[in-house]
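Trainee: I would like to learn how to read a model residue by residue. Could we start with the backbone and work outwards?

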Amino acid sequence: MSTRAHECLMRMYLEEHNLESYQGSIPRWCSGCGDNAILTAVQRLCRDEKLRPEKTVFVSGIGCSSRLPHYMKTYGFHGIHGRALPVAEGIRLARPDLNVFVTTGDGDCCSIGAAHWIHAIRYNMNMTVMLHDNQIYGLTKMQVSPTSPKGLRSKTTPRGAFLEPLNPLTVTLGIQNASFVAQAVDWIPELIYEILSRAFHHKGCSFVRIIQRCPEFLPELLDPWLHDPNRTLLLTHEKGLQVSASLSRVYKNQREHDPMDIDRAREIASAGDPIPVGILYHNPSVPRYEELHAIEPLRTPELIQRGLEAELDKFTIWPQEEAG
Amino acid sequence: MCASTLAEIGPAVATGATRSAKQAITLSEHVIEIISDSGEGAQRCGQSFGAIAARMGNGVWTVEIIPAEIQPPARSIAGASGNRIRIGTHRVTNGGNEANLVVAFNEQVLLGRVRERELKPGCTVLLESMWRDHPDAGIAAAYRETREQLVRDGYDVREIPMEQECKRLVSDPRRGKNMFVLGMLCSLYSFDLQLARDQVAFIFGKKDQNVIKANVALLEAGHEWAESNLDFKYRIPAARATEAQIVVNGNTALALGVMASGMDVCAMYPITPATSASHYLSEVFENVGGIVHQAEDEIAACAFAIGASYAGKCAVTITSGPGYSLKQEAIGLAVMCEIPLVVVDVQRGGPSTGQPTKAEQGDLLAACFGSHGDAPKVVMAPSSIEDCFYSILTARKIAETFNMVVVVLSDANLATSQQPFPRPKFNEAWLAPPVNQDPVPEGAKPYDWDPLTGIARRFVPGQPNGMHTLTGLAHDRLSRVAYDPESNEEGLRHRSLKLAALQKSLKTPPLFGGEDGELLVIGWGSTRGAIEEAVGRLRAEGHQVSSLHLRFIQPMPGGIGEILKRFKQVMTIEMNWCDRPGDELIDASNRRVSALAMMLRARYLVDIDCWGEVRGQPLKPDAVCRVISNKLVQGRR
C-alpha cells in the first residue's frame, strides 16, 4: 500500500502539464469567435495551476460557448440548455476534490437558465462560472438574446429589439451571497487570463462575464469599443487587478476600485459604457453551501446501519423486546 | 354477489346496557373514520388509534383524509381532515370499503364524507353535540337539521358531549378532544388501555411530563365515558406476528429506503404529495451522512441529482406529476448519457395541477415514454408500503448496474397510508459501492457498449485516463459528438438493449388465485391490496378469477404472454382514465383505454379490457368485486 501511495505521489510530482495536456478536440467555432480567446486562457490557467485533468470538470449547457468542454482534455459535461449550473452544483456537492468550471452563454445563463443563475450565486458553491456573452443566439442562427442591445435587428426582431438589454453584472451584484463578480472582454486576452486566475482562486462561486464578439452574426457590434481604448475602463486595485505596463500604455482609462466595496461595484456595473474590465466585487468570507450542508466523507456501512436501525427503532411496534 | 366484509360472528348488541351487561361483539374487521376541521387533531388521533391497533397485533391500514387547503374554513363540507383506519384480525392490505363507524367533530365535515359516499349506509356515527345549543342560531339549526336527516336516512347517530366532557379537564378542549376520542375508541374496540397510554407518551415524548399527563387524563376520561355511556363494544381478535414489525407510511418507507440504499444525495422541490418523504429524509439523512438538497425548481432538482450521480454515486430526486413533467428533458439527458438516476414520482390526480392530495395512477405512460425521442428507462411501481422501502433499494441497484434512469411510481394512496410490516434487516449488500477512482485501462472507451447487453462501463471524474466529455448530443463510443447515421443508430440500439438485458433477469410475477380460468385481472402499484382482496373473495364464492400484479412495467417481465393465453378474458383495473364503453360516441375504434391496458395490448396483441376509476380515492374492494362480477357475467353471455 505504502509503496503504491509513494509511487502515486512521485508520479504526481514528476508529471508535467503543458498546454497539450488540456487540449481536446480541435475547436469548431468560427474564426475570430471570442470563445477561442476564452478557451486559450482556460487552458493556460489549467497548465499554470497544474490542475490534474482527471480531477477537473467543465460543465456546460447548450450554445456555441457550451461546446468548450469538448475542446478540453479534462472531464466534461455538455448537458442541456440552461441547466449547467445545477448539474455543476450536484458535482460540487458530491465531490469536493474536483475542480469545477462552468461555461455558459447569454441565452443559456440569462434566459432559459436564469433561475439557476440567481440561485447558483446564492448557494455560492465553489466553482468558476464563465458567462460567454456575445449578445446573440449564435448556434440557432441569430435570434435576439436578453443581453442584445435595444434596436438590434435579428431573425426574431427584424425591425429591431424592443427591450433594453439585461445587465448580467447588476443582476449578479443584486443577489444575496454574491462573492466574486468580474468582467473581461475578449479583445484583452491577457486580462481574461488574469481575471479567471483570480476567479479560480476564490473559494466560492466566481462569476465572470466575458464580453465577446460574434464574427458571424454581429461582426461590427463591438467595433466602437475595439477602436477606442478609452471606452474600456480597467478597474485596478491592490486587492484586485494589477495591470501590466504594456497594457497600461494602450488602456489609459483606469480607475482604482476596491473589490470589497459592493455599492461602488454596483455603480460601476450600472454605468456600462465605458465597459468596465476587472474585479468588481470580491468577498472571500461569504459562506459556501457545501460547507454548510455537506455529505459526510466517511460514510461507512456501520454509520448507515446505525442511523437506519435508530430510525427503525422509532417505528417498531411489536414485539418491543426484539427491536433494536 | 359480494358478501359484506363485516362478519359479525358475536352475540347481538345488548340493549339498554349497564357496564357489566355490555358484551363485546366479535368482528373480523372494521373501518373507522375520525374527522374534524383542520387543526383539531383528528389525524393524530387516527394515526395513534392505528398504532395502538398495530401494537395489539391487529392488521391495520390507515388512510389520511386531507383537505386540499391548509386552513379551510371551519365547519365546511370540503374541509374534512382526519384519518380512516381499517383494523382486522389478519394482515390488512388496503383501506377497505365504506366506513362502519365514524367519529365527527362537527356535522359539516360529516356531511362531506356522506356526500363522497365514504360511509356505509346506516353506520354508527359518534357526533360532537356541542353545536346543538350553539349561540349562533344558524349553526345550531344546521346541526339539528343534519342530525335529523342522518337519523331519517338510517344512520345510528350517537351524540357525544365531547367538548363538555373535556372542559372538566382542560381549558381549551379544541386541543385535547382528540385524545378523549382516542380513549373512547379504545373502549369501543376493547383495546388495552396501557398500550394507549404508552402510545400517548410516545407521541408527546419530546414535550414535558405535564403535557403527557394531561393527554393521558383526557384519554382515560374518554375511555371511562364510553364504558359508562355507550351500549356497545367490539372486539377484533388479534393475531400477533412473530417477528418485529414497523409501522410507517409509504413516503417514510421510501425515505428509509433511500437511507438504506447508501445513496448520498436526494434533490427535491416541494410538491404534494411527495414532499413528506423529503421532510422525513431532511430530518434523518444527515445521521447517515447524506443530504437533502431543496433546489430552486424541479428541473434544477433533477439536474442536481444528475450532477451528483455523474460525479460518483447514484442520486435520487423525489417528485409528483407536475414536477415529473418538468424533469422530462433532464431525464432524457440522463438516458442519453447513461447516468444512473432514481426518480420517484408519487402520483396524484392530473393533468396539470389536478388533485394534489388525491390518489391516481395517471403517470404511467409519461414515465415509460416521456422525454422526447426514444428514451428507454426502467419503470417500477411498489404495491405496498413495505414495497416502497425495498423498491428504492432495487431501483438504486438497477440504476447503477445498467447506468439507467429508474422511475419509481408510488401514489398518494401509498404515500399517506400506514401499514405494519416486518422490520427490515439491514444488509450491507443494499449499499452503493464506493466511488470508483481506479485508473481507466489504456484504450478503454467511455461508451464501450457490450454487444449483448448494451451496458457500457462508466468513467467517473477522478479516474485517470478516463477523461472525456459527456454529451447529450448523439455521440460515438469515445463520447465525441457524432451525427453520422451509424453512430446514432448504435447509441439508440445499445441504450435500448439494456432494457432487454434487465428483462431477462426478471422473474414472471406470481399469479394470485389459479393458474387459469375465466378472467385475469391485471393491476400495478398501490391497487394490489384491493384487487387481491376482491379476487380472493370472489374465488371463495367459486369464481374462476385470478389476478396478476406488475411491479416492473418497463421492461415487462417475460412469461406474461403465456399467462394471458390461459384465461378466457383479461382486463386491467387501474386508477386512471379510460373511456366508458357506454358513452354514445365511444366504440372500439376510438376508445381510449387505461395506461397499462394500452401497453399490454400493444405487446401481446390480446384484446384486453380495462376499468379505471379516477375519484381520487383508493380503490375499494367492493367496487373491484362489482367490476369483476360484471365482467364475468359479460364473459358468459
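Mentor: We start with a loop. In chain B, Ser352(B) sits in the loop that runs between β13 and α12. Keep in mind that this is a predicted model.

Trainee: What is the phi of Ser352(B)?

Mentor: Ser352(B) is not a glycine, yet its phi is positive, about 55°. Ser352(B) is also exposed, because its relative accessibility is 63% and the cut-off for exposed is over 50%.

Trainee: Which residue has a positive phi of about 60° although it is not a glycine?

Mentor: That is Glu338(B). Glu338(B) belongs to the loop between α11 (321-337) and β13 of chain B. Its relative accessible area is 4%, so Glu338(B) is buried, whereas Ser352(B) counts as exposed.

Trainee: Where are cis peptide bonds found, and what is omega there?

Mentor: For a cis bond, look at omega. One such bond joins Thr272(B) and Pro273(B), with omega about 0°. Another runs from Gly350(B) to Pro351(B), again with omega near 0°. Pro273(B) is in the loop between β10 and α9 (275-284) of chain B. Pro351(B) lies in the loop between β13 (341-347) and α12 (364-369), and Ser352(B) is placed in the loop between β13 and α12 as well.

Trainee: Is Asn106(B) buried or exposed?

Mentor: Asn106(B) counts as buried, because its relative accessibility is 0% and buried means under 20%.

Trainee: Where is Ser261(B) found, and what does Ser261(B) touch?

Mentor: Ser261(B) is in the loop between α8 (250-260) and β10 (265-268) of chain B. Outside four places in sequence, its contacts are Leu393(B), Arg396(B), Trp430(B), Leu431(B) and Ala432(B). Ser261(B) is buried, at 0% relative accessibility.

Trainee: And a residue in a helix: where is Arg636(B) found?

Mentor: Arg636(B) is part of helix α19 of chain B, residues 621-636. Ten residues along the chain separate Arg636(B) from Arg626(B), and their C-alpha atoms are 16 Å apart. Arg636(B) is partly exposed, at 47% relative accessibility. Not counting residues up to four places away in sequence, Arg636(B) touches Glu518(B) and His543(B).

Trainee: Which residues touch the most other members of the largest nonpolar core?

Mentor: The largest has 100 residues, and Val59(A), Leu364(B) and Ile553(B) touch the most other members. Helix α10 of chain B, residues 298-310, gives this core its largest share, nine residues. A second, separate core holds 58 residues, including Ala253(B) and Ile385(B).

Trainee: What is Val59(A) in contact with, leaving aside its neighbours within four places in sequence?

Mentor: Among its contacts are Phe77(A), Val87(A), Ile91(A), Val100(A) and Phe101(A).

Trainee: How should I read chain A as a whole?

Mentor: Begin with the totals. Chain A has twelve helices and twelve strands. Its C-alpha atoms fill a box of roughly 80 × 50 × 40 Å along the principal axes. Of its 324 residues, 56% count as buried. Among contacts between residues at least 6 apart in sequence, 68% join residues at least 24 apart.

Trainee: What about the surface and charges of chain A?

Mentor: The accessible surface of chain A is about 14100 Å², and 54% of that belongs to carbon and sulfur atoms. Chain A carries 34 positive and 37 negative side chains, with the centres of the two sets 5 Å apart.

Conventions:
Residues numbered from 1 in each chain as written. Chains lettered and ligands numbered in written order. Predicted model: local features only at pLDDT ≥ 70, side-chain atom pairs only at ≥ 80, totals over all residues. Heavy atoms only, no water. Helix = DSSP H or I, 4+ residues; strand = E, 2+ residues; numbered from the N terminus. Buried < 20%, exposed > 50% of the residue type's maximum accessible area, 1.4 Å probe, protein only. Contact = heavy atoms within 4.5 Å. Areas by Shrake-Rupley, 256 points an atom, 1.4 Å probe, with all protein chains shown as cover. Lys, Arg positive; Asp, Glu negative; His and termini not counted. Charge placed at Lys NZ, Arg CZ, Asp CG, Glu CD. Core = buried A, V, L, I, M, F, W, Y, C linked by side-chain atoms within 4.5 Å.
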